[in-house]
Amino acid sequence: MPVDSISLAVFRNLFTSVAEEMGETLQRTAFSPNIRERLDFSCAVFSGDGRMVAQAAHIPVHLGSMPASVMYAIETFVNSDVGLQQGDVVILNDPYRGGTHLPDVTMVSPVFAGGKIAFFVASRAHHADIGGMSPGSLPLSTELYQEGLIIPPIKLMLSGWYNEGVMALLTANSRAPQERIGDIEAQLASHRVGENRLRELIIKHGIETLSEHAEALIAYAQRMTKATIRAIPDGVYPFEDMLEGDGQRETPIPIRVRITIHDSQMVVDFTESAAQVIGNVNAVEAIVRSAVGYAIRLLSEDDIPMNHGNFEPIRIITAQGSLLNPQFPAAVAVGNTETSQRIVDVVLGALSTALPHKIPAASQGTMNNITVGGMIDGRQFVYYETIGGGHGAHPHGDGLSGRHSHMTNTLNTPIEALESAIPLRVVAYGLRDQSGGTGKFRGGDGIRRVYEFLSPATVTINSERRLRAPYGLMGGAVGRRGANTLIRNGKAKLLEGKTTFTAQIGDLLVIETPGGGGWGK
């Protein structure tokens, strides 16, 4: 079949449907509320040499970084004497080998045609606990070893058979082993679906036709990305914003970018950003690449397919040993969630000079991570969620309220699912009125969510925009800062943005998320 515009659209949808059906399977079979309800997972299809061909519309921070994990799996097994066989599944989570943070567990499995690997399917899911120094595996850490079990590329399945030793190791290091088994089984089920669908496509259309269209899709995404960059005026555009602390102390941590546009090429230089820090906000290069790719894709007027071609015209520069390119074993637990959001803020902030009537004001700029863990009736419970906030206003209207933004694409956890999973009661949940920045167009409002603890628990919060508000643009006002408050025996205590504490029965935790910045006077 010759490649033309019609066949390209057909095969784009065919490849995408494989990833989407994998995602549906993973959601419906998962055990944890984080995966089943919040949809904290991503699925994608890769070529036989490890280039991403298609993805489902899942989580940007996962999908832009997942190719690095797939390449490490290929280097470990395909490009060695070990090899991969039909029915093998590789598992890994190491942030320094393409991962994001340890709770994000990636699986990679080959799809064979004619005795050779034709494609790979991959999934990444956030597991509610993978060990480490605090429940939920997002601690206020100072090194990677404190954050949980580090999984290098290793075979979880061997020719369709469980590697029982690996399963035993995974469950022994989690505070919720049965939940881990259920979520791992769900990921494996999604892979079986993906492999079967790709084999059906190979049988129906032939490997040559399928491979030609995969190559054409990558080339098309590259051309479209170049056209998007070409529409930006040539020039050099700097911007700076701050993180508020690393979990060890509250102190400004600058992220500085210098974007150079020349014709269809873009250089994104972060070398003036902060040095590597002691705490947990360091972000590995895969996260930086993911955040930059996402921000550039936002600029396109067309629906560009997300694959390997999107990243080809973009050169990203980071300094070794820096916040955005740390050296092992630097702590990275929330570089994935908080630092990725700030990277998007600075990239869009820089481009607002070049495209002042296209770029929105800053959204809430945080994922408001909350992990809760403890014991009840002789069993351990662990829970993780993120909370939405306000979107930045834009040149054509107000920002959305109470939504997740940018590098997270999850849902808010339904109260019923939360209360049925752990001894916690949600006593208030709604929009935080008037928290969006004012302007010609108003930023979206944040969320107010109040929890009552029904059992003692260890709580860890990793949040941002508690000290520095989301910026407005073109004269618009900043959004309202977020706040975390503990109420015990009727007395309120304002908590830092990143904190760990032991909750008592009857305590109330009030999370108020930031509003988006306003746009225009």
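I began with D269 and found its bridge partner in β11, which is I317. Helices and strands here are DSSP runs numbered from the N terminus (H or I of at least four residues for helices, E of at least two for strands). From β10 the chain crosses through helix α8 (residues 285-297) to β11, and this β-α-β crossover is right-handed (with the strands pointing away from the viewer, the path from the first strand over the helix to the second runs clockwise).

A note on my source: this is a predicted model, where local features need pLDDT of at least 70, side-chain atom pairs count only at pLDDT 80 or more, and totals for chains, interfaces and linings use all residues. Residues are numbered from 1 along each chain as its sequence is written, and side-chain values use heavy atoms, leaving out hydrogens and water.

Back to the strands: I saw that β10 (residues 265-269) and β11 (residues 314-317) run parallel, joined by 4 bridges. Two strands pair if DSSP finds at least two bridges between them.

Next I looked up the aromatic rings and found 4 aromatic pairs. Rings of Phe, Tyr and Trp (its six-membered ring) pair if their centres lie within 6.5 Å; planes under 30 degrees apart are stacked, over 60 edge-to-face, the rest tilted. F15 and F119 make a tilted pair, 5.8 Å centre to centre with 55 degrees between the planes. F15 sits in helix α1 (residues 5-29) and F119 in strand β5 (residues 116-126), 104 residues apart. Both F15 and F119 are buried (under 20% relative accessible area, with exposed over 50% and partly exposed in between; 1.4 Å probe, protein chains only).

Finally, I noted that Y96, Y145 and F328 form one aromatic cluster.
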